[in-house]
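Subject: Structure handover

Hello,

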Amino acid sequence: MHQFHHWTEETERYAEIPQRKFGIEPAGTPLQQNTQKLIHREHDKLVELDGAVSFGRSVAAFVPDIGIAETHRLIVAFRRVLLLGNTDEVSAVADTTRSAGADVSGHMPIIGADANTFFLPALATLSRFNVSTGGHLSVLAEDATSSTVRELQDLQIAVGLTPLPGAFLRSSHRRIATVCYHDFEGRLLASASLADLEGAGPELADTAILLGVSVHPDARGNGFGSAITAAGLVQARRQLAAHRVIAVVSPTNAAALHTNAKFGMYPLADQSAIYLELCDAD
(Lines give C-alpha, C1' and ligand atoms only; values in the text may rest on other atoms or scores of the structure.)
Protein backbone atom coordinates (compact mmCIF):
# COMPACT_ATOMS: atom_id res chain seq x y z
CA MET A 1 0.00 0.00 0.00
CA HIS A 2 1.11 3.58 -0.55
CA GLN A 3 2.26 5.41 2.56
CA PHE A 4 -0.66 7.84 2.74
CA HIS A 5 -3.52 8.63 5.06
CA HIS A 6 -6.70 8.00 3.10
CA TRP A 7 -8.69 11.07 2.21
CA THR A 8 -11.96 11.62 4.06
CA GLU A 9 -14.63 14.29 3.89
CA GLU A 10 -14.25 14.88 7.62
CA THR A 11 -11.72 17.22 9.22
CA GLU A 12 -8.42 15.33 9.41
CA ARG A 13 -6.98 14.76 12.87
CA TYR A 14 -3.80 12.73 13.11
CA ALA A 15 -2.65 10.80 16.16
CA GLU A 16 0.97 11.35 17.04
CA ILE A 17 3.15 8.92 15.13
CA PRO A 18 6.54 7.72 16.42
CA GLN A 19 8.97 9.46 14.07
CA ARG A 20 11.36 7.32 12.09
CA LYS A 21 14.80 8.63 11.28
CA PHE A 22 15.05 9.99 7.76
CA GLY A 23 17.68 12.05 6.01
CA ILE A 24 17.30 15.20 3.95
CA GLU A 25 16.53 13.20 0.78
CA PRO A 26 17.33 15.99 -1.69
CA ALA A 27 16.38 15.71 -5.35
CA GLY A 28 16.91 17.56 -8.60
CA THR A 29 20.01 19.11 -10.16
CA PRO A 30 23.29 19.43 -8.22
CA LEU A 31 22.52 23.12 -7.57
CA GLN A 32 19.03 22.31 -6.34
CA GLN A 33 20.26 19.52 -4.10
CA ASN A 34 23.02 21.70 -2.67
CA THR A 35 20.50 24.38 -1.73
CA GLN A 36 18.19 21.81 -0.15
CA LYS A 37 21.05 20.52 2.01
CA LEU A 38 22.09 24.03 3.05
CA ILE A 39 18.55 24.99 4.01
CA HIS A 40 18.02 21.82 6.00
CA ARG A 41 21.29 22.15 7.91
CA GLU A 42 20.69 25.82 8.75
CA HIS A 43 16.96 25.59 9.31
CA ASP A 44 17.20 26.51 13.01
CA LYS A 45 18.82 29.83 12.08
CA LEU A 46 16.05 30.56 9.57
CA VAL A 47 13.42 29.97 12.26
CA GLU A 48 14.99 32.76 14.31
CA LEU A 49 14.98 35.22 11.40
CA ASP A 50 11.88 37.41 11.06
CA GLY A 51 10.52 37.56 7.52
CA ALA A 52 12.27 34.48 6.09
CA VAL A 53 11.09 30.87 6.02
CA SER A 54 12.13 27.60 4.43
CA PHE A 55 10.35 26.34 1.35
CA GLY A 56 12.64 23.31 1.36
CA ARG A 57 13.98 23.98 -2.13
CA SER A 58 14.51 27.72 -1.57
CA VAL A 59 14.32 30.39 1.12
CA ALA A 60 11.28 32.65 1.00
CA ALA A 61 12.08 36.22 2.02
CA PHE A 62 9.30 38.71 2.58
CA VAL A 63 9.97 42.38 1.84
CA PRO A 64 10.13 44.77 3.72
CA ASP A 65 10.74 42.55 6.77
CA ILE A 66 13.81 41.34 4.91
CA GLY A 67 15.90 44.21 3.58
CA ILE A 68 18.83 44.56 1.22
CA ALA A 69 21.59 43.47 3.60
CA GLU A 70 19.75 40.39 4.81
CA THR A 71 18.79 39.40 1.27
CA HIS A 72 22.46 39.50 0.28
CA ARG A 73 23.34 37.23 3.20
CA LEU A 74 20.53 34.82 2.31
CA ILE A 75 21.49 34.49 -1.36
CA VAL A 76 25.15 33.87 -0.52
CA ALA A 77 24.25 31.36 2.21
CA PHE A 78 21.47 29.44 0.46
CA ARG A 79 21.86 30.09 -3.30
CA ARG A 80 18.12 30.21 -4.06
CA VAL A 81 15.86 32.91 -2.62
CA LEU A 82 12.28 33.79 -3.48
CA LEU A 83 11.53 37.45 -2.69
CA LEU A 84 7.87 38.27 -2.08
CA GLY A 85 6.08 41.53 -1.32
CA ASN A 86 5.19 44.89 -2.81
CA THR A 87 6.23 44.87 -6.47
CA ASP A 88 8.32 48.05 -6.36
CA GLU A 89 10.07 47.10 -3.11
CA VAL A 90 10.80 43.57 -4.31
CA SER A 91 12.27 44.93 -7.54
CA ALA A 92 14.50 47.40 -5.70
CA VAL A 93 15.89 44.71 -3.38
CA ALA A 94 16.36 42.19 -6.19
CA ASP A 95 18.31 44.62 -8.35
CA THR A 96 20.95 45.06 -5.65
CA THR A 97 21.77 41.34 -5.71
CA ARG A 98 23.08 41.46 -9.26
CA SER A 99 26.39 42.75 -7.90
CA ALA A 100 26.72 39.50 -5.96
CA GLY A 101 26.32 37.53 -9.19
CA ALA A 102 22.71 36.49 -8.68
CA ASP A 103 20.47 35.60 -11.59
CA VAL A 104 17.26 37.61 -11.22
CA SER A 105 13.99 36.37 -12.66
CA GLY A 106 11.15 38.50 -13.94
CA HIS A 107 8.21 39.43 -11.75
CA MET A 108 5.71 36.67 -10.99
CA PRO A 109 2.26 37.59 -9.71
CA ILE A 110 1.15 36.49 -6.26
CA ILE A 111 -2.41 35.21 -6.37
CA GLY A 112 -4.63 34.50 -3.41
CA ALA A 113 -8.06 34.03 -1.90
CA ASP A 114 -9.67 33.77 1.52
CA ALA A 115 -11.21 30.53 2.74
CA ASN A 116 -14.74 31.91 2.43
CA THR A 117 -13.99 32.31 -1.29
CA PHE A 118 -12.09 29.13 -2.19
CA PHE A 119 -13.48 26.47 0.15
CA LEU A 120 -16.98 25.84 -1.21
CA PRO A 121 -15.92 25.84 -4.90
CA ALA A 122 -13.12 23.43 -3.98
CA LEU A 123 -15.57 21.08 -2.24
CA ALA A 124 -17.89 21.20 -5.24
CA THR A 125 -15.05 20.39 -7.63
CA LEU A 126 -14.03 17.43 -5.49
CA SER A 127 -17.59 16.15 -5.34
CA ARG A 128 -17.83 16.09 -9.13
CA PHE A 129 -14.39 14.51 -9.46
CA ASN A 130 -14.98 11.72 -6.94
CA VAL A 131 -17.95 10.32 -8.83
CA SER A 132 -16.11 10.23 -12.15
CA THR A 133 -12.87 8.48 -11.24
CA GLY A 134 -11.85 5.01 -10.14
CA GLY A 135 -8.77 6.19 -8.30
CA HIS A 136 -8.33 7.71 -4.86
CA LEU A 137 -7.12 10.88 -3.16
CA SER A 138 -4.85 10.64 -0.13
CA VAL A 139 -2.66 12.74 2.15
CA LEU A 140 1.05 12.10 2.53
CA ALA A 141 1.93 10.70 5.95
CA GLU A 142 4.75 12.20 8.00
CA ASP A 143 6.41 8.78 8.17
CA ALA A 144 6.10 8.04 4.45
CA THR A 145 8.79 5.73 3.11
CA SER A 146 11.69 6.95 1.00
CA SER A 147 10.26 5.24 -2.08
CA THR A 148 6.96 7.09 -1.63
CA VAL A 149 8.79 10.41 -1.30
CA ARG A 150 10.87 9.65 -4.36
CA GLU A 151 7.70 8.90 -6.34
CA LEU A 152 6.45 12.39 -5.50
CA GLN A 153 9.78 14.00 -6.37
CA ASP A 154 9.91 12.16 -9.70
CA LEU A 155 6.48 13.54 -10.60
CA GLN A 156 7.56 17.07 -9.67
CA ILE A 157 10.66 16.74 -11.85
CA ALA A 158 8.64 15.28 -14.72
CA VAL A 159 6.44 18.38 -14.89
CA GLY A 160 9.35 20.82 -14.62
CA LEU A 161 9.07 21.78 -10.94
CA THR A 162 12.02 21.99 -8.60
CA PRO A 163 11.38 18.97 -6.33
CA LEU A 164 10.81 19.31 -2.61
CA PRO A 165 13.25 17.42 -0.36
CA GLY A 166 11.96 14.53 1.69
CA ALA A 167 12.62 16.25 5.01
CA PHE A 168 10.42 19.15 3.97
CA LEU A 169 7.66 16.91 2.65
CA ARG A 170 7.56 15.21 6.05
CA SER A 171 6.98 18.57 7.80
CA SER A 172 10.38 18.79 9.48
CA HIS A 173 10.70 22.49 8.52
CA ARG A 174 7.09 23.62 8.88
CA ARG A 175 3.59 22.25 8.66
CA ILE A 176 2.91 21.01 5.17
CA ALA A 177 -0.03 19.27 3.53
CA THR A 178 0.57 17.15 0.42
CA VAL A 179 -2.37 15.56 -1.38
CA CYS A 180 -2.00 12.94 -4.08
CA TYR A 181 -4.14 11.14 -6.61
CA HIS A 182 -3.42 7.52 -7.55
CA ASP A 183 -5.36 5.75 -10.27
CA PHE A 184 -6.95 2.33 -9.80
CA GLU A 185 -3.62 0.70 -10.75
CA GLY A 186 -1.78 2.63 -8.04
CA ARG A 187 0.04 5.05 -10.34
CA LEU A 188 0.65 8.54 -8.98
CA LEU A 189 -0.94 10.93 -11.47
CA ALA A 190 -1.23 14.20 -9.55
CA SER A 191 -0.09 15.96 -6.39
CA ALA A 192 -0.20 19.34 -4.67
CA SER A 193 1.75 20.61 -1.66
CA LEU A 194 0.90 23.56 0.58
CA ALA A 195 2.83 24.92 3.56
CA ASP A 196 1.87 27.29 6.32
CA LEU A 197 3.65 30.64 6.57
CA GLU A 198 4.14 30.78 10.32
CA GLY A 199 7.14 32.98 11.04
CA ALA A 200 6.88 34.94 7.81
CA GLY A 201 5.26 37.91 9.56
CA PRO A 202 2.06 38.80 11.41
CA GLU A 203 0.26 39.79 8.21
CA LEU A 204 0.71 36.20 6.99
CA ALA A 205 -0.73 34.53 10.07
CA ASP A 206 -3.24 31.80 9.18
CA THR A 207 -1.96 31.85 5.58
CA ALA A 208 -0.75 28.88 3.54
CA ILE A 209 1.11 28.92 0.24
CA LEU A 210 0.60 26.54 -2.65
CA LEU A 211 4.09 25.32 -3.55
CA GLY A 212 3.21 23.49 -6.69
CA VAL A 213 0.67 21.37 -8.54
CA SER A 214 1.90 18.39 -10.54
CA VAL A 215 -0.15 16.47 -13.09
CA HIS A 216 1.51 13.61 -14.94
CA PRO A 217 1.88 14.40 -18.67
CA ASP A 218 -0.16 11.30 -19.53
CA ALA A 219 -3.09 12.54 -17.41
CA ARG A 220 -3.43 16.10 -18.65
CA GLY A 221 -6.69 17.35 -20.10
CA ASN A 222 -8.87 15.21 -17.82
CA GLY A 223 -9.60 17.63 -14.99
CA PHE A 224 -6.82 16.43 -12.70
CA GLY A 225 -5.33 19.91 -12.36
CA SER A 226 -8.55 21.38 -11.01
CA ALA A 227 -9.24 18.35 -8.81
CA ILE A 228 -5.82 18.19 -7.17
CA THR A 229 -5.80 21.96 -6.66
CA ALA A 230 -9.22 21.70 -5.02
CA ALA A 231 -8.01 18.85 -2.81
CA GLY A 232 -5.00 20.91 -1.76
CA LEU A 233 -7.12 23.91 -0.88
CA VAL A 234 -9.52 21.80 1.18
CA GLN A 235 -6.62 20.17 3.00
CA ALA A 236 -4.98 23.53 3.68
CA ARG A 237 -8.16 24.66 5.37
CA ARG A 238 -8.59 21.45 7.36
CA GLN A 239 -5.05 20.37 8.21
CA LEU A 240 -3.27 23.74 8.31
CA ALA A 241 -6.28 25.80 9.49
CA ALA A 242 -5.54 28.28 6.71
CA HIS A 243 -7.91 31.22 6.42
CA ARG A 244 -6.12 32.35 3.26
CA VAL A 245 -4.07 30.65 0.53
CA ILE A 246 -1.60 32.35 -1.77
CA ALA A 247 0.57 31.11 -4.63
CA VAL A 248 3.30 32.40 -6.92
CA VAL A 249 2.67 31.69 -10.60
CA SER A 250 4.46 32.44 -13.82
CA PRO A 251 2.67 35.20 -15.77
CA THR A 252 2.93 32.97 -18.86
CA ASN A 253 1.31 29.96 -17.17
CA ALA A 254 -2.19 30.55 -18.47
CA ALA A 255 -3.39 27.09 -17.41
CA ALA A 256 -2.42 27.64 -13.76
CA LEU A 257 -3.96 31.11 -13.70
CA HIS A 258 -7.18 29.73 -15.21
CA THR A 259 -7.36 26.80 -12.81
CA ASN A 260 -6.76 28.91 -9.71
CA ALA A 261 -9.30 31.48 -10.84
CA LYS A 262 -11.97 28.76 -10.52
CA PHE A 263 -11.42 29.02 -6.76
CA GLY A 264 -11.33 32.81 -6.62
CA MET A 265 -7.54 33.01 -6.56
CA TYR A 266 -6.60 36.14 -8.50
CA PRO A 267 -3.50 38.36 -8.61
CA LEU A 268 -3.11 40.48 -5.48
CA ALA A 269 -2.76 44.18 -6.21
CA ASP A 270 0.85 45.42 -6.25
CA GLN A 271 2.18 42.07 -4.98
CA SER A 272 4.70 39.92 -6.82
CA ALA A 273 7.69 37.65 -6.39
CA ILE A 274 11.17 37.37 -7.91
CA TYR A 275 13.51 34.37 -7.87
CA LEU A 276 17.16 34.95 -7.10
CA GLU A 277 19.65 32.19 -7.87
CA LEU A 278 23.40 32.12 -7.31
CA CYS A 279 24.78 29.50 -9.66
CA ASP A 280 28.35 29.43 -8.40
CA ALA A 281 27.88 26.75 -5.75
CA ASP A 282 31.56 25.81 -5.34
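A cavity, as the word is used here, is a set of grid points where a 1.4 Å probe fits but cannot get out, and its lining residues have an atom within 4 Å of a point. Please keep in mind that this is a predicted model.

Enclosed space

Searching the whole structure gives two cavities of 30 Å³ or more. The largest cavity holds about 60 Å³ of space. Twelve residues line the largest cavity, and L140, E142, S171, I176 and Q239 are the closest to its centre. Two elements, β7 (136–140) and β8, each give two or more residues to that lining. β8 gives the most, with three residues. By type, the lining of the largest cavity divides into seven nonpolar, three polar and two charged residues.

The second largest cavity holds about 50 Å³. Its lining is made up of R57, Q156, L161, L164, S191, A192, S193, L211, G212 and S214. Here the elements that give two or more residues are β9 and β10. The lining of the second largest cavity divides into four nonpolar residues, five polar and one charged.

The largest pocket

The largest pocket has a volume of about 950 Å³. It is lined by 37 residues, and those nearest its centre are L161, G212, V213, N253 and A256. The elements that give two or more residues to this lining are β4 (80–86), β10 (207–215), α8 (224–239), β11 (244–248) and α9 (254–261). What does β10 give to the lining of the largest pocket? β10 gives the most, with seven residues. In the lining of the largest pocket there are 18 nonpolar, 15 polar and four charged residues.

Two names come up in both places. L161 and G212 are among the residues nearest the centre of the largest pocket, and L161 and G212 also line the second largest cavity.

Two helices

α9, which gives residues to the lining of the largest pocket, has A256, T259 and N260 buried. Seen down the axis of α9, these buried residues fall within an arc of 95°, so they line one face of the helix. A254 and H258, on the other side of α9, are exposed.

Helix α6 covers residues 146–158, 13 residues in all. From its first C-alpha to its last it reaches 18 Å, close to the 18 Å expected at 1.5 Å a residue. Which residues of α6 are buried? They are T148, V149, L152, Q153, L155 and Q156. The buried residues of α6 fall within an arc of 155° when seen down its axis, so they line one face of the helix. Q156, one of these buried residues, is also in the lining of the second largest cavity. After α6 comes G160, whose phi is positive, near 90°.

Salt bridges

The count comes to ten salt bridges. One of them joins the side chains of E25 and R170, at 2.4 Å from N to O. E25 lies in the loop between β1 (4–6) and α1 (30–41), and R170 in the loop between α7 (166–169) and β8 (176–182), so the pair ties together parts that are 145 residues apart in sequence. Are E25 and R170 buried or exposed? Buried means under 20% relative accessible area. E25, at 19%, therefore counts as buried, and R170 is buried at 6%.

R174 forms a salt bridge with D196, and the closest N and O atoms are 3.2 Å apart. R174 lies in the loop between α7 and β8 and D196 in strand β9 (residues 188–196), so this pair ties together parts that are 22 residues apart in sequence. Both R174 and D196 are buried. R175 belongs here too, as R174, R175 and D196 are linked in a network of salt bridges.

K45 and E42 also form a salt bridge, with the closest N and O atoms 3.1 Å apart. In this pair K45 counts as exposed, at 58% relative accessibility, while E42 counts as partly exposed, at 29%.

Regards

Technical notes:
Residues are numbered from 1 along each chain as its sequence is written. This is a predicted model: local features need pLDDT of at least 70, side-chain atom pairs count only at pLDDT 80 or more; totals for chains, interfaces and linings use all residues. Side-chain values use heavy atoms; hydrogens and water are left out. Helices (H or I, at least four residues) and strands (E, at least two) are DSSP runs, numbered from the N terminus. The expected span of a helix is 1.5 Å times one less than its number of residues. Buried means under 20% relative accessible area, exposed over 50%, partly exposed in between (1.4 Å probe, protein chains only). The arc is that of the directions from the helix axis to the C-beta atoms. On a 1 Å grid over the protein atoms alone, a cavity is a set of points where a 1.4 Å probe fits but cannot get out, and a pocket is an open set with protein on both sides within 12 Å along at least five of seven lines; lining residues have an atom within 4 Å of a point. Grid points are joined across faces, edges and corners, and a volume is the space filled by probe spheres set on the points. Ala, Val, Leu, Ile, Met, Phe, Trp, Tyr, Cys and Pro count as nonpolar, Asp, Glu, Lys and Arg as charged, and the others, Gly among them, as polar. A salt bridge is a side-chain nitrogen of Lys or Arg within 4 Å of a carboxyl oxygen of Asp or Glu.
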